[in-house]
Amino acid sequence: MSDDEKERTVELHYEGGTLTLPVFTGTEGERTIELKTLLGSTGMTTLDPGFGNTASCSSKITYIDGAAGILRYRGYPIQDLAVGSSFLEVAYLVIYGELPEPGQLKEFSDKLRENADIPDDMGTFIDAMPRNGHPMSLVASAVNTLAAYYDDSVDPDDENQVELATIRLMAKLPTIAARIYRNSIGEQPIAPDPSLDYVENFTRMTFGDARPDGELGELFGKAVDLLLILHADHELNCSTATVRVVGSSQADIFASIASGVNALSGPSHGGANQAVLEMLDEIRDSGVSIEDFLERVKNREVRLMGFGHRVYKNFDPRSKEIKGLATQILDRDDNPDELFELALKLEAAALADSYFTERKLYPNVDFYTGVIYRAMGFPTNMFTVLFALGRLPGWIAHYREQLHDPAFRIARPRQHYIGANERRYPGQG
Ligand code: CMC
């Protein structure tokens, strides 16, 4: 075997022989062993809890280098997009693969404005759901029913239908989220205003006249836009993997994305932004010292929410951007934010402690987002809904990419069976 061939293959030696497996090199030099022939040739499967070592697909959407703290959408560094682009431009980039020309952006934005309304009976359906239920559960249910209200855009094999559903999802999710919020505070819904841009429209539908205006209003609008950009995609995270798995059964895009919303709701994933705020509230209200709280973490009584990441083992580049934003909004001499100050102290104490540094646990995207959302007036249980609004383009892009993947198959992992061997049924002699 030549050196070149050795580079492109690995050999697996097992009791029955040797299997040569191809090695693919990605555009960033990442190497992946293809296991397609493993089971057929050796009768063996692989066991990889949490899929920590498993690439389940090839993708062109997002690149992460967890050790170097790099995150790029379609090749563009997140820091550049954060400075130079709006959320809508980033959503277009993530979904369609290129930054939009001005005409393309206008067309995209116009379509979203035209489609922002929801049908009256869907509004009635949302209003009938429990008003004190968790908004993530209500949002997932509402997204799921879009398939019933718009059954002319549910065929994954029809590109026009998938495109129509893409526009509908992007256009209607802010309307749905804002209505659910207003129901929870006992206020009338506010209809979308086609004269406003995407983020402005969302904050107006959410807060109505109560949203701040002037300089502060502008800063809050920019902050929401930036937070949505930073959440727009994150390759094969739990909710995106869920969207792909559900979509792999040929389920429609609404059903697949509703499943993504549900996956996102868990506290180990998107629900962490809510959990961080609850943790900070608890530390403040109980009067426990930061040192004592960290002792509880180290004794495994609780997790330090907003810390740690499966992929980032150095720092999460999103958290750097978000901390900067939080500092801009909350670190004001005239009115310091108590929870932000507590979060800063907690971060500093954790990063000075070998328990966290040895395990490469750093603040993730969720550590500072909650304090910003709270300062804007969002209730804690809406934080993960904001994450969902941001992640929507990513979910859509992955669903669409999968439809065109030549290697596409229904997702169907194997298991390592450790249960009982065949047993005699009671009464059978
Ligand atoms: N607090 C205390 N210890 C932790 C934490 C934490 N937040 N995260 C990981 N560890 C420890 C863990 O106990 C383990 O220690 P040991 O090796 O001694 O058993 C070690 O660090 C490795 O952790 P792991 O659980 O194997 O790591 P994972 O990759 O399976 O989990 C995670 C990643 C994000 C679920 C986890 O770090 C966590 O639960 N963090 C808190 C929740 C959170 O902030 N989630 C948001 C993630 S980023 C945004 C998103 O995905 O939505």
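Ala, Val, Leu, Ile, Met, Phe, Trp, Tyr, Cys and Pro are counted here as nonpolar, Asp, Glu, Lys and Arg as charged, and the others, Gly among them, as polar. On this basis, the shell around the ligand in this predicted model is made up of 10 nonpolar, seven polar and five charged residues. The residues around the ligand number 22, and those that come nearest are H269, R300, R303, L304 and R310.

The side chain of R359 contributes a polar atom that lies 3.0 Å from an oxygen atom of the ligand. Of the 930 Å² that the ligand exposes when taken alone, 75% is buried by the protein.

Helix α16, formed by residues 338–351, comprises 14 residues and spans 20 Å from its first C-alpha to its last, which is close to the 20 Å expected at 1.5 Å a residue. Within α16, the buried residues are L339, F340, L342, A343, L346, E347 and A350, where buried denotes under 20% relative accessible area. When α16 is viewed down its axis, these buried residues fall within an arc of 160°, and they therefore line one face of the helix. E338 and K345, by contrast, are exposed on the other side of α16.

Key
Residues numbered from 1 in each chain as written. Predicted model: local features only at pLDDT ≥ 70, side-chain atom pairs only at ≥ 80, totals over all residues. Heavy atoms only, no water. Near = heavy atom within 4 Å. Polar contact = N/O pair within 3.5 Å; in protein donor to acceptor, adjacent residues only side chain to side chain. Areas by Shrake-Rupley, 256 points an atom, 1.4 Å probe, with all protein chains shown as cover. Helix = DSSP H or I, 4+ residues; strand = E, 2+ residues; numbered from the N terminus. Expected span 1.5 Å × (residues − 1). Buried < 20%, exposed > 50% of the residue type's maximum accessible area, 1.4 Å probe, protein only. Arc of directions from axis to C-beta.
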